[in-house]
Amino acid sequence: MTYPHSILRSKSSPLVACLLAAAALASVSLLPAPASAQVRNDIVPDAWQGDALRPKPAMRALEKLRFVTDSDYPPFHYFDEVGALTGFNVDLAKAICETLEVECEVKDVDWSEMFTTLESGEADAAVASMRISADSLARADFTTRYYATPARFVAQKTTELNDIRPETLQGMKIGVAKGTGHEAYLKLFFPNVAIASFDTADDAQRALKEGAIDFVFGDGIGLTFWLNGVSSEGCCEFRGGPYLDNRFFGEGVGIAVKKRNRQMVEILNYAIEQVHASGRYEELFLRYFPMNFF
């Protein structure tokens, strides 16, 4: 099983330190309102768009929710400097429990044990940035997505081209990680570019910084972290986009529950919508991701 993004997972990396510092300094909170108000989906990439809220499902004496997550994928889930499990996913789980007015437990398990923990009944749900895919749906049921990431182009800041279209990129050398949906998307919709396929996204980013290619095309979150981290040395910036296409970039990330536990899916979907409507979701998102990748 793999994480949905090509983000460094080491808690000791300078990139993570930069991200955590940025998250701690973030104080902006743009609170979403019901359907009559503008929804800031350019900032908060979620599935709920201010629609009419679903009624509260039957709770059947539910008193406690037991979540599991991983612990080494900051800023989504990680141990902080005092050893407390924290991060966007952890705080979202707690917000869901508060909404449902139930006791909350969030434990860390090894990434490889996520599905088996659900299947054994040791946990009610896994909130661990798990991508909704054919493979994951064979092992668990999922809520509606609670975030998705776009594809983006990145160029050196000295590049003058801002109008990003198949015609304007004709003949340009575009770096992309090989075997990915991003590579397949380029081949279909940008057929006249010169695709440079790299073993990893990191390799493509390095080539862009060194001037060996004209653009990089890849995951918006991973690219945001690179642009704002130390390894990019401030070389580059987003151009054009964002691009969202489920066929190439997936259905997004959801909360997983044991297969055929539809009642839990309904309860969690209700809670996620309530967290959105209250403004809590956007507050959490902007706390952990003050850098806009849309």
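**A residue in a helix, and onwards**

A: Let us begin with Q205, which has its place in helix α6, residues 201-209. Please keep in mind throughout that this is a predicted model.

Q: Okay, is Q205 buried or exposed?
A: Q205 counts as buried, because its relative accessibility is 5% and the cut-off for buried is under 20%.

Q: And what is Q205 in contact with, leaving aside its neighbours within four places in sequence?
A: With those neighbours set aside, Q205 is in contact with V216, L223 and W226.

Q: Zooming out, how many helices and strands does the protein have?
A: The secondary structure comes to 10 helices and 13 strands, and of the 294 residues of the protein, 50% count as buried.

Q: Let's look at how helices meet. How do the axes of α2 and α9 cross?
A: The axes of α2 and helix α9, which covers residues 262-278, come within 9 Å and cross at roughly 100 degrees. Angles of 65 to 115 degrees count as roughly perpendicular, and α2 and α9 are therefore roughly perpendicular to each other.

Q: Which residues meet there?
A: From α2 there are L92, A95, I96, T99 and L100, and these meet I267, L268, Y270, A271, I272, Q274 and V275 in α9. Sorted by kind, the residues of this contact are 10 nonpolar and two polar, with no charged ones.

Q: You listed Q274. What else can you say about where it lies?
A: Q274 is 7.6 Å from L53, C-alpha to C-alpha, although the two are 221 residues apart in sequence. L53 itself is found in the loop between α1 and β1, and with a relative accessible area of 40% L53 is partly exposed.

Q: Switching to rings: how many aromatic pairs are there?
A: A search of the whole structure finds 28 aromatic pairs. In one of them, F88 and Y281 are arranged edge-to-face, with 5.8 Å from centre to centre and 85 degrees between the planes. This pair links distant parts of the chain, since F88 is in helix α2 and Y281 is in helix α10, 193 residues apart.

Q: Are F88 and Y281 buried or exposed?
A: Both F88 and Y281 are buried. They also belong to one aromatic cluster, whose members include Y73, F76, Y146 and F285.

Q: Which residue lies over the face of F238?
A: That is R152, at 4.1 Å from the ring centre of F238.

Q: Now the backbone. Where are the cis peptide bonds you could show me?
A: One joins P74 and P75, with omega about 5 degrees, and P75 lies in the loop between β2 and β3. Another runs from G241 to P242, with omega near 5 degrees, and P242 is found in strand β12. As background, most peptide bonds are trans, and most residues other than glycine have a negative phi.

Q: So which residues have a positive phi without being glycine?
A: Among them is E101, with a phi of about 60 degrees, and R260 is another, with phi near 70 degrees. E101 is found in the loop between α2 and β5, while R260 has its place in the loop between β13 and α9.

Q: Are those two buried or exposed?
A: E101 is exposed, with a relative accessible area of 69%, and R260 also counts as exposed, at 70% relative accessibility.

Notes. Residues are numbered from 1 along each chain as its sequence is written. This is a predicted model: local features need pLDDT of at least 70, side-chain atom pairs count only at pLDDT 80 or more; totals for chains, interfaces and linings use all residues. Side-chain values use heavy atoms; hydrogens and water are left out. Rings of Phe, Tyr and Trp (its six-membered ring) pair if their centres lie within 6.5 Å; planes under 30 degrees apart count as stacked, over 60 as edge-to-face and the rest as tilted. Helices (H or I, at least four residues) and strands (E, at least two) are DSSP runs, numbered from the N terminus. Buried means under 20% relative accessible area, exposed over 50%, partly exposed in between (1.4 Å probe, protein chains only). A charge sits over a ring if NZ of Lys or CZ of Arg is within 6 Å of the ring centre and within 35 degrees of the ring normal. Axes are lines fitted to C-alpha atoms, for helices over the stretch in contact, and angles run from 0 to 180 degrees between N-to-C directions. Angles under 35 degrees count as roughly parallel, over 145 as roughly antiparallel, 65 to 115 as roughly perpendicular and the rest as oblique. Contact means heavy atoms within 4.5 Å. Ala, Val, Leu, Ile, Met, Phe, Trp, Tyr, Cys and Pro count as nonpolar, Asp, Glu, Lys and Arg as charged, and the others, Gly among them, as polar.
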